[in-house]
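Thanks for coming, everyone. I'd like to walk you through the charged pairs in today's model. Let me put it on the screen.

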Amino acid sequence: FDATLQVPKCIDVGSACSSGNLLNSRALILDVVEPNQPNTLDGCSDGTTGRYHLDESLDRVTVISDTGCKLEANGTAYVKAKVYAWSSGVNDRADFYYNSG
């Protein structure tokens, strides 16, 4: 966790980088509170209603090098996300953005 940016951050980058348990749950929902929430660069907070793993949450993000080598600038990678969608998930979505610089 980067205390300045207020988001998960990988210190030792290898062929993958994961948020680990730093995103588990969502905001202040019942049962389990998200650590360090809101975990966003813009400070946008999550909704606070719902139940743990019965309603929407993004619990883990892992960025993985597509070559198996160390992640590096201008390299290609893919994103693996552990999400919990409400009901069938047909009305839910997750948006991921990247910065190539």
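Start with Arg93. This is a predicted model, and in it Arg93 is exposed, at 73% relative accessibility. Its salt-bridge partner is Asp95, with N to O at 3.2 Å. Asp95 is partly exposed, and its relative accessible area is 45%.

Why would two such side chains pair? Side chains of opposite charge can do so when their charged atoms come close.

How many salt bridges does the structure hold? Three. So let's take the other two.

Next, Arg51 and Asp31. Their closest N and O atoms are 3.0 Å apart, and the two form a salt bridge. Where do they sit? Arg51 lies in the loop between strand 1, residues 16–18, and strand 2, residues 57–65. Asp31 is also in the loop between strand 1 and strand 2. The two residues are 20 apart in sequence, so this pair ties together separate parts of the chain. Now the accessibility. Asp31 is exposed, at 54%. The cut-off for exposed is over 50%. Arg51 comes out at 38%, so it counts as partly exposed.

Last pair: Asp2 and Lys9. This is a salt bridge too, with the closest N and O atoms 3.3 Å apart. Is Asp2 buried or exposed? Buried, with a relative accessible area of 12%. Buried means under 20%, so Asp2 qualifies.

To recap the pairs: Asp95 with Arg93, Arg51 with Asp31, and Asp2 with Lys9. That's my tour.

Note on methods. Residues numbered from 1 in each chain as written. Predicted model: local features only at pLDDT ≥ 70, side-chain atom pairs only at ≥ 80, totals over all residues. Heavy atoms only, no water. Salt bridge = Lys/Arg side-chain N within 4 Å of Asp/Glu carboxyl O. Buried < 20%, exposed > 50% of the residue type's maximum accessible area, 1.4 Å probe, protein only. Helix = DSSP H or I, 4+ residues; strand = E, 2+ residues; numbered from the N terminus.
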